[in-house]
Amino acid sequence: MKVFSFFLSFFIDLRSQEWLYICHVSHFQTTGDYYTLSIADLSFFIIRDKQGAIQAFHNVCRHRAYRITSKENGCAPVLRCRYHGWSYNTAGQLIKAPHFENVASFDRRENGLFPIHTKVLSNGMVFINLSASTQPPMEWEDSPVVNLAADSLWMGGCSIETRLDWKGIPDLCVRPSWWSTAKKVHFFFPSSSVYALDTSMWYTVSAWPQENGETRVRCDVYAKEKGKQKTAERVLTLLKERINATTQETQISDSIVELEHEVKIRLKMHRQLEETLGRQVHPTKQEQRGHERFAQAEKLCADLECLASKAAPGGVLAW
Ligand code: FES
């Protein structure tokens with residue numbers, strides 16, 4: 001694992017008690033609407049299930065860890081892994097596992113997607129928490145700090161890949177010169193901010209570090225009512241121009257220094273905890289299966305795969 005990735009994964013682990021703001025519920029209008037996101041080497045997706053609830057899952061097939069969703073946004077009432085065809089419903093349950101159906105001891109119920117703690121606040125803001133154990137409390141759950149409405153409309157968004165430092169992105173994304181009324185409303189750890197243009201329009205900016213050392217910036221605009229597309233397009237254009245015009249050399253931000261300081265303190269505390277316990281501690285790590293029945297099914301699959309690759313020219317899998 002690269003040093004960069006290791007450091008960030010470690011950081012995510014340390015802050016697993018935090019609730020991370022991801023997006024607004026207006027992104028999920030119909031069953032199967034999903035949104036995929038990666039933070040460092042951790043990929044997950046948020047989806048609207050059949051009952052209309054918003055759920056989040058690790059983007060990892062329970063068969064051999066292939067990614068389930070590859071697009072940033074989409075709609076899929078059934079999520080099918082493209083490797084060997086295991087399929088999951090919007091509640092993360094395994095509904096199809098080719099070649100395992102007749103294995104008497106294989107239980108589909110034990111092989112659903114790993115869920116992620118999810119909360120949708122009364123203002124429609126969607127948060128996740130990556131802790132692999134009990135769901136931690138959320139301080140502001142009953143009094144959402146942002147004056148968005150659950151029925152606000154998503155006016156549009158864009159994703160920008162940049163080499164800028166993710167920790168300083170929120171400081172770049174508000175300039176009174178763009179809009180005389182624009183102001184930052186709230187900052188959510190580690191790198192998401194909500195800005196208000198006026199009392200009826202907002203935009204959000206989140207910056208997520210990626211495994212390859214880049215930063216993925218996500219910008220979205222929301223409004224109380226329809227007919228604000230032109231304003232939304234203008235805001236997104238200004239944000240893109242601002243980010244693209246900034247270089248690593250010219251990116252100056254107090255937030256970078258503050259966040260780096262916090263990371264160092266957390267790393268030190270975590271190291272002390274591991275030394276006390278005498279083992280490594282990974283709060284976000286999901287339990288791996290060690291079940292004998294799965295091992296049998298896995299062996300069967302490997303045998304079938306071997307047969308298929310022998311039968312197919314070039315070793316291409318037949319399913
Ligand atoms: S890795 Fe997903 S079906 Fe095999």
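Biologist: What volume does the second largest pocket have?
Modeller: This is a predicted model, where local features need pLDDT of at least 70 and side-chain atom pairs 80 or more, while totals for chains, interfaces and linings use all residues. Numbering starts from 1 along each chain as its sequence is written, and side-chain values use heavy atoms, without hydrogens or water. A pocket is an open set of points on a 1 Å grid where a 1.4 Å probe fits, with protein on both sides within 12 Å along at least five of seven lines. Filled by probe spheres set on its points, the second largest pocket has a volume of about 240 Å³.

Biologist: Which residues lie nearest the centre of that second largest pocket?
Modeller: Its lining (an atom within 4 Å of a point) holds 15 residues. They divide into two nonpolar, seven polar and six charged. Strand β2 (residues 33-39) gives the largest share, three residues. Nearest the centre lie Thr 36, Leu 37, Ser 38, Gln 210 and Arg 216.

Biologist: Which residue of β7 stands opposite Val 78?
Modeller: β6 and β7 (residues 87-89) run antiparallel, joined by three bridges. Opposite Val 78 stands Asn 89.

Biologist: How many disulfides does the whole structure hold?
Modeller: Cys 23 is buried (under 20% relative accessible area, 1.4 Å probe) at 1%. Cys 61 is buried too, at 3%. For sulfur pairs within 2.5 Å, the search of the whole structure gives a count of zero.

Technical notes:
Pairing = 2+ DSSP bridges. Helix = DSSP H or I, 4+ residues; strand = E, 2+ residues; numbered from the N terminus. Nonpolar A, V, L, I, M, F, W, Y, C, P; charged D, E, K, R; others polar. Buried < 20%, exposed > 50% of the residue type's maximum accessible area, 1.4 Å probe, protein only.
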